[in-house]
Amino acid sequence: MQTRVLGNTGVAIPAIGFGCMGLSSVYGAADETVSIQVIQRALELGVTFLDTADIYGAGGNEELVGRAIKGRRNQVVLATKFGNRIRGSWADGKGYDIDGSPAYVKQAVEASLRRLGVETIDLYYQHRVDPGTPIEDTVGAMADLVKEGKIRFLGLSEAAPETIRRAHAVHPIAALQTEYSLWTRDPEHELLGLTEQLGITFVAYSPLGRGFLTGSLKSQDDLAANDWRRLNPRFQGQNFEKNLELVEELQAMARDKGTTPAQLALGWLLTRGPHVVPIPGSRRIERLEENTAAADIELTENELHRLEVIAPVGAAAGLRYPEPMMAALNR
């Protein structure tokens with residue numbers, strides 16, 4: 001596996017990491033035994049940058065990751081997140097509160113360390129920016145955790161440019177995690193350039209459009225009844241049909257190149273800059289292996305142009321989250 005550097009830390013991470021969220025129940029029921037096998041296979045392939053969060057599976061995802069890496073801790077660059085406090089149902093987009101208070105930062109890290117079964121978290125993100133707490137206070141509390149040896153490096157998720165600058169002035173930010181893919185190209189407006197300028201790794205989550213860009217979904221009926229994507233505007237009604245047209249063009253290009261749509265989408269992200277690291281997830285070893293092989297995909301200028309035609313900025317139909325959840329992004 002090719003490597004890139006995590007921010008200005010000097011720590012090598014794989015060019016493609018692994019997002020563990022889908023191994024919990026957000027996309028329908030998951031098999032824990034298989035999930036652990038998937039994570040361990042990822043480590044064998046050199047995909048040693050693992051991403052989880054305390055809210056995934058209400059803490060269960062961290063526990064799962066902890067079991068999977070037991071006895072292999074020194075192989076892993078481990079990232080988790082705090083700040084989203086579960087409150088109720090996800091159906092209305094109001095299933096959590098956002099808390100970036102210093103007291104909660106210190107409470108949350110202890111819970112994550114316990115669930116993960118580790119002494120130190122390599123990369124600790126604020127999952128969403130708390131508008132009620134100055135970012136300087138949140139990052140200051142996170143910096144205290146570095147001094148205490150509980151975390152090594154700091155990250156932000158879905159933060160706006162000015163927030164990133166203010167945070168970085170308090171303590172170096174190693175990574176920004178924000179959605180980025182062929183159908184979510186918003187970061188190209190300012191975030192990509194800013195993170196490169198500040199020496200911050202851009203961690204692209206949902207790099208395969210929550211599975212849509214793989215071409216495996218033909219209708220909403222392909223989603224489990226309790227799959228969160230049923231609530232996502234891009235997976236609903238006419239939006240689904242419009243987005244399917246984009247994927248069909250991606251599939252045609254993949255056939256011409258002798259690759260897969262997922263590999264094209266990931267290979268494209270790796271051309272966006274040496275500081276960009278996508279973190280696709282998968283519940284199946286064969287999909288994991290397919291995604292990992294994308295690190296070796298080479299795209300010509302003509303192929304990059306074709307992808308630009310297939311998926312220009314703003315090509316996806318529908319918001320990337322339900323309306324109530326959009327307010328928590330890029331702030």
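Mentor: A definition first: Ala, Val, Leu, Ile, Met, Phe, Trp, Tyr, Cys and Pro count as nonpolar, Asp, Glu, Lys and Arg as charged, and the others, Gly among them, as polar. The model itself is predicted.

Trainee: How do the residues of the lining of the largest pocket divide into nonpolar, polar and charged?

Mentor: The largest pocket has a volume of about 1,200 Å³. Its lining has 47 residues, and Met21, Gly22, Val26, Tyr27 and Arg210 are the closest to the centre. By class, the lining of the largest pocket splits into 21 nonpolar, 17 polar and nine charged.

Trainee: Which element provides the largest share of that lining in the largest pocket?

Mentor: Strand E6 (84-86) and helix H9 (285-292) each supply at least two residues to the lining of the largest pocket. The largest share is three residues, and the element that gives them is H9.

Trainee: Which residues are the closest to the centre of the second largest pocket?

Mentor: The second largest pocket holds about 220 Å³ of space. It is lined by 14 residues, and the closest to the centre are Asp186, Pro187, Leu191, Arg320 and Asn330.

Trainee: How many residues of the lining of the second largest pocket are charged?

Mentor: Take the other classes first. Five residues of the lining of the second largest pocket are nonpolar and four are polar. The charged residues number five.

Trainee: How much space lies in the largest cavity?

Mentor: The search of the whole structure finds one cavity of 30 Å³ or more. Its lining includes Ile16, Gly17, Phe18 and Val47, with Leu288, Asn291 and Thr292 also among the residues. That lining divides into five nonpolar, five polar and no charged residues. The space in the largest cavity is about 40 Å³.

Trainee: Which element gives the most to the lining of the largest cavity?

Mentor: Recall that one element, H9, also leads in the lining of the largest pocket. In the largest cavity, three lining residues come from the top contributor, H9.

Trainee: How many residues does the other core have, the one apart from the largest nonpolar core?

Mentor: The largest nonpolar core has 81 residues, with the most contacts inside it made by Phe18, Ile39 and Leu50. Ile39 touches residues including Phe18, Leu50, Val65 and Ile69, leaving out those up to four places away in sequence. Apart from this core lies another, with Leu6, Val11, Ile55 and Val203 among its residues, and its count is 25.

Trainee: Which are the edge strands of the open sheet?

Mentor: The open sheet has eight strands in the order E3-E4-E5-E8-E9-E10-E11-E12, with parallel pairing. Two of them pair on one side only: strand E3 (18-19) and strand E12 (276-278).

Trainee: Which residue in E4 stands opposite glycine 19?

Mentor: E3 and strand E4 (residues 49-51) run parallel and are joined by two bridges. Opposite glycine 19 stands aspartate 51.

Trainee: Which residue in E10 stands opposite leucine 156?

Mentor: Strand E9 (residues 151-157) runs parallel to E10, and four bridges join them. Strand E10 (residues 173-179) is mostly covered, with seven of its seven residues buried. Facing leucine 156 is leucine 176.

Trainee: Is glutamate 190 buried, partly exposed or exposed?

Mentor: Glutamate 190 sits in the loop between E10 and helix H6 (191-198). Buried means under 20% relative accessible area and exposed over 50%. The relative accessibility of glutamate 190 is 32%, so the residue counts as partly exposed.

Technical notes: Residues are numbered from 1 along each chain as its sequence is written. This is a predicted model: local features need pLDDT of at least 70, side-chain atom pairs count only at pLDDT 80 or more; totals for chains, interfaces and linings use all residues. Side-chain values use heavy atoms; hydrogens and water are left out. On a 1 Å grid over the protein atoms alone, a cavity is a set of points where a 1.4 Å probe fits but cannot get out, and a pocket is an open set with protein on both sides within 12 Å along at least five of seven lines; lining residues have an atom within 4 Å of a point. Grid points are joined across faces, edges and corners, and a volume is the space filled by probe spheres set on the points. A nonpolar core is a set of buried Ala, Val, Leu, Ile, Met, Phe, Trp, Tyr and Cys residues joined through side-chain atoms within 4.5 Å. Buried means under 20% relative accessible area, exposed over 50%, partly exposed in between (1.4 Å probe, protein chains only). Contact means heavy atoms within 4.5 Å. Two strands pair if DSSP finds at least two bridges between them.
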